[in-house]
Amino acid sequence: MSVRRLAPDQVQPTSFAFTAANENWADQQIAKYPEGRQASAVIPLLWKAQEQHDGWVPRAAIETIARKLAMAPMRVMEIATFYTMFNLQPVGEHFIQLCGTTPCALRGAEALKKVCEDVIGPQSTVTADGKLSWLEVECLGACCNAPMAQVNFDYYEDLTPENFRALLDDLRHGRPTKPGPQVERSGSEPLGGGETLKDPALYDGTVIGAGDWQARITEQRKAAAEAAAAKAAAEAAAKAEAEAAAAAQKAGPTDVKAAPAPEAATPARPQPSDAQQPSSRAQDTPSAASDAIKDTPAKAAPPKRAAKPKSEE
């Protein structure tokens, strides 16, 4: 496996500066973090620096990023040397990262390393034309298709010494290549085709009943929707009736006020001085009441019973 060290001084550039577009992009990344947390943008900035500088991160880029983020250069160096996604040595136009961990090793990765050494040279060597370089790396997560390699951003899987050598030749001469499995299979399915869901009864609907099951399910869903709509309408009607009954009960007979009769139809109220006032009617004024009392003859007292003679006792 590779040792994480910076490239020799003779290949290091004397300075580094982001382009105007990348500078603006870097400022946008920094703005995502609150004041005092700008160092959180160090990984995006290192990645953009690597992208700008032919696929690898020079010392000058590390120092530039440290100044921009107000970090100690050693802190940025720690991050650049820790993550293998950052290349610290010059790489070719097509950078091959060959997986050498257990699944790929069991499936022939050692033979692929021999091809790299024959076609390119030792690890971290860039071909004279600048087209190819390679490096053995840890697991790249495509174990089902081992052995495999990553070329820049694409995965090439199910490699053999023969198709791998042909792939390197196509890359060097700019011919189109096909990422993914290099054998006749789709994705990560078993070689020779899938081994599951071979019985059509598992997916043609016969297991859940004969006939046009899709139409039956559609009708069931339609009937359920209609029943739900009818229930909702009935509930709405019942609610409206209940509200109307409650409103009528609240409005009750005591709250219904009869319109006042026209003044011409209202009988005049007798006055105390009116000659037409019946004498038997109760009077409204104290003087009239007292006159009525005076005109009423006093009731005669019953006669006293005569006393019996003493002789009769």
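1. Helices (H or I, at least four residues) and strands (E, at least two) are DSSP runs, numbered from the N terminus. This is a predicted model in which local features need pLDDT of at least 70 and side-chain atom pairs count only at pLDDT 80 or more, while totals for chains, interfaces and linings use all residues. Residues are numbered from 1 along each chain as its sequence is written, and side-chain values use heavy atoms, with hydrogens and water left out.

2. Most residues other than glycine have a negative phi, and most peptide bonds are trans. Ala70, in the loop between α3 and α4, has a positive phi of about 55° although it is not a glycine, and Leu197, in the loop between β5 (180–181) and α8 (213–251), likewise has a positive phi, near 55°. Ala70 counts as exposed at 71% relative accessibility, as does Leu197 at 57%; here buried means under 20% relative accessible area, exposed over 50%, and partly exposed in between (1.4 Å probe, protein chains only).

3. As for the overall layout, the protein chain holds nine helices and five strands, arranged along the sequence as α-α-α-α-β-α-α-β-β-β-α-β-α-α. Of its 313 residues, 27% are buried. With contact taken as heavy atoms within 4.5 Å, 62% of the contacts between residues at least 6 apart in sequence join residues at least 24 apart.

4. Leu45 touches Phe18, Ala26, Gln29, Ile30, Ile65, Lys68 and Leu69, if residues up to four places away in sequence are not counted.

5. Helix α7 (residues 161–172) has 12 residues and reaches 17 Å from its first C-alpha to its last, close to the expected 16 Å, where the expected span is 1.5 Å times one less than the number of residues. Its buried residues are Asn163, Phe164, Leu167, Leu168 and Leu171; seen down the axis of α7, they fall within an arc of 140° and so line one face of the helix, the arc being that of the directions from the helix axis to the C-beta atoms. These buried residues pack against β1 (94–99), α6 (109–119), β2 (132–137), β3 (149–151) and β4 (154–157). Just after α7, Gly174 takes a positive phi of about 75°.

6. His53 sits in the loop between α2 and α3 and is buried, with a relative accessible area of 19%. Leaving aside neighbours within four places in sequence, His53 is in contact with Pro13, Phe16 and Pro58. From C-alpha to C-alpha, His53 and Ala17 are 9.9 Å apart, although 36 residues separate them in sequence.

7. Finally, on the cysteines, a disulfide is a pair of cysteine sulfur atoms within 2.5 Å, and by this rule the count comes to zero disulfides. Cys144 is in no disulfide, the nearest cysteine sulfur being that of Cys143, 7.0 Å away. Cys144 counts as exposed at 58% relative accessibility, whereas Cys116, at 0%, counts as buried.
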